[in-house]
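Here is a brief report on one protein chain. It moves from the whole chain to one strand and then to one residue.

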Amino acid sequence: SGSSTIGTVGSTAGISTSGATTVSTTGDLTLSNGITASGTGTPLTVTTGGAFTNNVGSGALSVLSGGRWLVYSQNPTNDTRGGLTYSFKQYGYSSGSPAQATGNGFVYTSAPNLTITLSGAVSKTYDKSATATLASNNYTATGTVDGDSVSLIGMPTSGSYGDQNSGTGKTVTVTGLSSSNI
């Protein structure tokens with residue numbers, strides 16, 4: 001509960017275990033020394049109810065024997081990863097569901113604030129239908145994602161004009177837009 005610090009300033013000893021290791025706090029967590037675990041799967045799990053701060057550097061978390069480490073945290077904007085090399089970040093995590101990627105990673109309960117909108121021009125030869133054909137350049141994503149680039153995949157390839165009459169300046173709508181954890 002509250003804030004926790006793993007290791008002490010001036011000490012060179014960290015935590016080294018030969019099995020599954022879980023470090024957990026309901027508040028902020030600061031690493032001042034490294035943590036090493038061994039095993040396959042996910043033998044090292046760090047969970048914080050607040051901010052994660054790594055003051056050790058790139059070797060703060062290590063796993064021997066082919067396993068991985070995971071850090072479960074609240075919000076990436078509050079964390080200091082401190083040079084840790086990771087394979088993924090997952091957003092919108094809910095307790096009890098597994099991390100959805102492989103390798104070392106950060107798993108966040110907060111979800112990025114993204115907005116997907118239609119943009120650009122859509123045109124067609126009049127055919128008495130209200131169907132609009134869309135391409136990937138007709139979609140734009142805006143929002144905050146902790147410095148990550150966002151790729152839109154699986155966007156609908158058709159939408160609808162407001163009516164089937166010919167004209168210019170028509171509004172196009174699309175259904176079926178959704179986002180998932182990135």
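## Whole chain

Among contacts between residues at least 6 apart in sequence, 54% join residues at least 24 apart. The model is predicted. Its chain holds 16 strands and zero helices.

Of the 182 residues, 32% count as buried. The accessible surface comes to about 10000 Å². Carbon and sulfur atoms account for 47% of that surface.

Strand S11 covers residues 105-108. Gly-105 and Val-107 point one way from the strand, while Phe-106 and Tyr-108 point the other way. All four names carry one label: buried.

S11 pairs with strand S9 (residues 69-73), and the two run parallel. Four bridges join them. In this pairing, Tyr-108 of S11 is the bridge partner of Ser-73.

S11 also pairs with strand S10 (residues 88-90), again in the parallel sense. Here there are three bridges. Phe-88 stands opposite Gly-105 in S11.

## Arg-68

Arg-68 sits in the loop between strand S8 (61-64) and S9. Is this arginine buried or exposed? Its relative accessible area is 15%, so Arg-68 is buried, given that buried means under 20%.

The Arg-68 side chain makes a polar contact with the side chain of Thr-42, at 2.9 Å. Leaving out residues up to four places away in sequence, Arg-68 touches Gly-41, Thr-42, Pro-43 and Leu-44, among others. Its contacts also include Val-63, Phe-88, Ala-99 and Ala-101. Thr-102, Gly-103 and Asn-104 are on the list too. One of these residues, Phe-88, is the one that stands opposite Gly-105 in S11.

Notes: Residues numbered from 1 in each chain as written. Predicted model: local features only at pLDDT ≥ 70, side-chain atom pairs only at ≥ 80, totals over all residues. Heavy atoms only, no water. Buried < 20%, exposed > 50% of the residue type's maximum accessible area, 1.4 Å probe, protein only. Contact = heavy atoms within 4.5 Å. Areas by Shrake-Rupley, 256 points an atom, 1.4 Å probe, with all protein chains shown as cover. Pairing = 2+ DSSP bridges. Polar contact = N/O pair within 3.5 Å; in protein donor to acceptor, adjacent residues only side chain to side chain.
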